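Subject: Handover of a structure and of the findings in it

Dear colleague,

Please find the structure below, followed by an account of what was found in it.

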Amino acid sequence: MIKISNEIVKKQPNFWNGCLFHPTDAIEDDWGKRILDQVAEDKACHTVRIYTMFEDIVSVDEAGNLCFDFTLSDIRMDYLTEKGYNLLLAYGGMPDCIARDDCGKSSAAKGKTRYKGKMWNTSPPKTPEIWEEVCYQYTKHIVERYGVEKVNGWYSQCFNEPDMPMFFMKDEPWDTMRRVEEYVSMYEGFVRGVRRAGTTMFVGGPTLAASTFFLEEFLKNVKEKGTELNYITMHFYGTDPDYLNTGDGGLSVWGNLDRQRPKIDIIKKCGFEDTPIIVDEWGASSMGFFNKDECKFLMFRETEINSAYFVRFIYFLIRSGLPIKNLLFCLSGQHEMTEDFSGFRNFFTLNFIKKPIYNAYILASKLYENILRCSTDIVTRIPTGKDLVTVVPTKDDDGKYAVLLCYGEGNFLIPAEDKEETIEFEEDIVGKTMTIWCIDKEHTNPYRMAQRNGWKNLTAEQIEILREEGNMKPVYTGKATGKIDLKLTAGATYLITIE
C-alpha cells in the first residue's frame with residue numbers, strides 16, 4: 001500500500017522539462033522545425049539550449065576587421081522565440097578567422113563531420129579581447145532584436161565541455177593548468193562582453209563534462225578574482241557505453257548521482273554551495289551519438305526503461321537538496337538515424353514516432369509545485385539497491401493532484417517482477433475526476449509493439465500504427481473510488497491526476 005499524505009514537503013518549481021536541441025542548425029530545416037513544433041505544442045520542454053554557432057556569424061575582412069552576419073542565427077533564434085521557448089545560449093563555435101592555433105578540429109558526431117559538413121574548431125581565440133568583442137557584438141545584437149526584457153530572462157554560458165579535448169584544445173592533455181587558464185581567460189572575456197551589451201542575462205560556466213580538477217581550479221579562480229558566476233553548469237551522465245559493454249555499469253540513478261558527488265563536494269569546498277546548478281546535458285548514458293552499433297544495451301533509449309529512469313531521476317534530484325535550476329535532456333544522433341529504432345538519445349524516431357522518454361516528459365510537465373510526503377519516500381540509499389516504486393506526489397493550491405511514479409530495480413537492466421500495488425490518499429478523493437496515463441511494455445510503447453509484431457523493415461502502414469501507439473492517451477478516465485489499484489511491470493511509468 002502506497003499512502004500519499006497531504007503534508008507538503010517542499011515547493012519545487014519545475015526544473016526538469018528542458019532539452020538541448022542538437023544539432024542547432026537543424027532549426028533551419030523542416031525536420032528540425034517539426035520536432036520543435038511538436039515539443040512546443042505538447043509543452044514537453046520550457047527551456048531549450050542551443051549553440052550560438054559563432055562560426056556562422058564571424059568573419060574578418062581584408063583589413064583584419066571583425067565582420068558579423070547574423071542571418072542564420074536570426075532564423076534559428078526567431079523560430080525558437082516564436083514558439084515561446086526560454087533559451088540557454090552556449091556561446092561557442094570558434095570561427096577559424098579568430099582561432100589562435102591549428103590544434104585540430106573535431107566532429108563530435110558518429111560520422112566524420114558534424115551536421116552539414118561542419119567541424120568544431122577546438123582552438124582558443126587569438127586574444128581574450130577578440131573573444132570578448134565577439135561575445136559583446138552577439139549579445140548586443142540579440143538585445144536589439146528581441147528586447148532587453150526578454151533577453152534578461154535567458155541564460156548564457158561560455159563554450160561547451162572545455163575539459164574535453166573533443167571540444168577544446170584537442171592536442172592538450174586532459175587535466176592541465178594550461179587548459180584551465182585558457183578557459184578562464186575566455187570565461188572572463190565572455191562575462192565582460194555580455195555585460196558591455198547592457199543586459200543582466202544570467203552568465204555561467206564551465207559547462208563541465210567530467211573533470212573535477214578543472215572544476216576546482218576554475219571555481220578557485222572565480223572566487224579569487226570575484227568574477228561573476230550566476231550559476232554553475234555541468235553534465236550529468238549515469239554511465240558510459242564502455243561500462244555497459246563490459247558489464248561494469250548498469251542503469252542506476254544512484255550511479256548517476258554517485259558520479260556527480262565529487263563535483264558537488266568541490267562546489268561546496270570552494271564556497272559555491274548556494275550557487276544554482278544547471279545540468280545542461282543529462283542522460284542515463286553518455287555518448288548520445290552512439291547507438292546499438294557501439295553498444296547493444298543502448299536500445300534502452302527506445303523503451304520504457306528510459307522514461308522510468310527519468311522519473312526516478314527527478315525524484316532524487318528533488319530530494320537531494322541540490323540547487324538545481326534546470327535539467328536539460330541532450331538530444332543527440334537526430335541527424336544520423338537510418339532506421340526507426342537503433343538506440344540514439346532523442347525524443348523521436350527517424351519517421352517521427354514518439355519514444356517513451358518523450359511521453360515521460362509530457363507527463364512530468366503536468367506536475368505541480370507542492371511536493372507531498374509519501375510512504376515510499378527514500379531518504380538514503382537502500383542497501384539492496386532495490387528502489388522499486390518511486391513516487392513523485394504533487395498538488396496545486398486549488399487541491400488538484402498530479403502523482404508521477406515509476407517501478408523497477410535499482411539497476412533498470414535487471415527486470416523487476418510484476419506486482420499489484422494500491423495507492424491511497426490521506427484526503428477523501430471519492431467522486432473526484434481521475435485520469436491515469438501509463439507507459440510500460442504494453443502501453444504507449446512503439447518499439448515494444450514493433451518487437452511483438454516482428455516488424456523490422458517498416459511499411460508506411462506500420463509506421464502510422466506506431467505513430468498512433470506513441471501518442472499519449474489515458475488508460476482510464478472516470479470517478480475516483482478512494483483506492484487506486486495499479487499493475488506494475490518492470491520499467492512502468494504512471495501519471496495519476498485527480499481534480
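Ala360 is buried, its relative accessible area being 0% (buried stands for under 20% relative accessible area, exposed for over 50% and partly exposed for the range in between, with a 1.4 Å probe and protein chains only). This residue belongs to helix α10, residues 356-364 (helices are DSSP runs of H or I with at least four residues, strands are runs of E with at least two, and both are numbered from the N terminus). Leaving aside residues up to four places away in sequence, Ala360 touches Ser307, Phe310 and Ile439, where contact means heavy atoms within 4.5 Å. Tyr494 is 134 residues from Ala360 along the chain, and the C-alpha atoms of the two are separated by 9.0 Å.

The model is predicted, so local features need pLDDT of at least 70 and side-chain atom pairs count only at pLDDT 80 or more, while totals for chains, interfaces and linings use all residues. Residues are numbered from 1 along each chain as its sequence is written, and side-chain values use heavy atoms, with hydrogens and water left out.

A second residue to look at is His22, in the loop between β2 (18-20) and α1 (30-42). His22 counts as buried because its relative accessibility is 15%. Its contacts, not counting residues up to four places away in sequence, are Tyr51, Leu331, Ser332 and Gln334. Between His22 and Gly32 there are 9.1 Å from C-alpha to C-alpha, and the two are 10 residues apart in sequence. His22 is joined to Pro23 by a cis peptide bond with an omega of about 0°, and Pro23 is placed in the loop between β2 and α1.

The bond joins Gly205 and Pro206, with omega about 0°, and Pro206 is found in strand β10. Thr207 is found in strand β10 too; its phi is positive, about 55°, although Thr207 is not a glycine. Is Thr207 buried or exposed? With a relative accessible area of 0%, Thr207 is buried.

Lys43 likewise is not a glycine and has a positive phi of about 55°. Lys43 lies in the loop between α1 and β3 and, at 63% relative accessibility, counts as exposed.

Ser73, Asp74, Arg76, Met77, Tyr79, Leu80 and Thr81 are buried in α2. Against these buried residues pack α1, β3 (47-51), β6 (86-91), α3 and α4 (148-151).

Helix α6 (residues 212-225) consists of 14 residues and reaches 20 Å from its first C-alpha to its last, close to the 20 Å expected at 1.5 Å a residue. Its buried residues include Phe214, Leu215, Glu216 and Glu217, as well as Phe218, Leu219, Asn221 and Val222. Among the elements that cover them are α5 (177-196), β10 (202-208), β11 (231-239) and α8 (253-269).

Finally, two pairs of packed helices were examined. Two packed helices are described by the angle between their axes and the distance between the axes.

The axes of helix α3 (residues 128-146) and α5 cross at roughly 35° and come within 7 Å (axes are lines fitted to C-alpha atoms, for helices over the stretch in contact, and angles run from 0 to 180 degrees between N-to-C directions). Pro128, Trp131, Glu132, Glu133, Cys135, Tyr136 and Thr139 of α3 make this contact with Ser185, Met186, Gly189, Phe190, Arg192, Gly193, Val194 and Arg196 of α5.

Helix α11 (residues 446-453) packs against helix α12 (residues 460-470) at an angle of about 135°, and their axes are 8 Å apart. That makes α11 oblique to α12 (under 35 degrees counts as roughly parallel, over 145 as roughly antiparallel, 65 to 115 as roughly perpendicular and the rest as oblique). In α11, Pro446, Met449 and Ala450 meet Ile465, Leu466, Glu469 and Gly470 of α12.

Yours sincerely

Conventions
Expected span 1.5 Å × (residues − 1).
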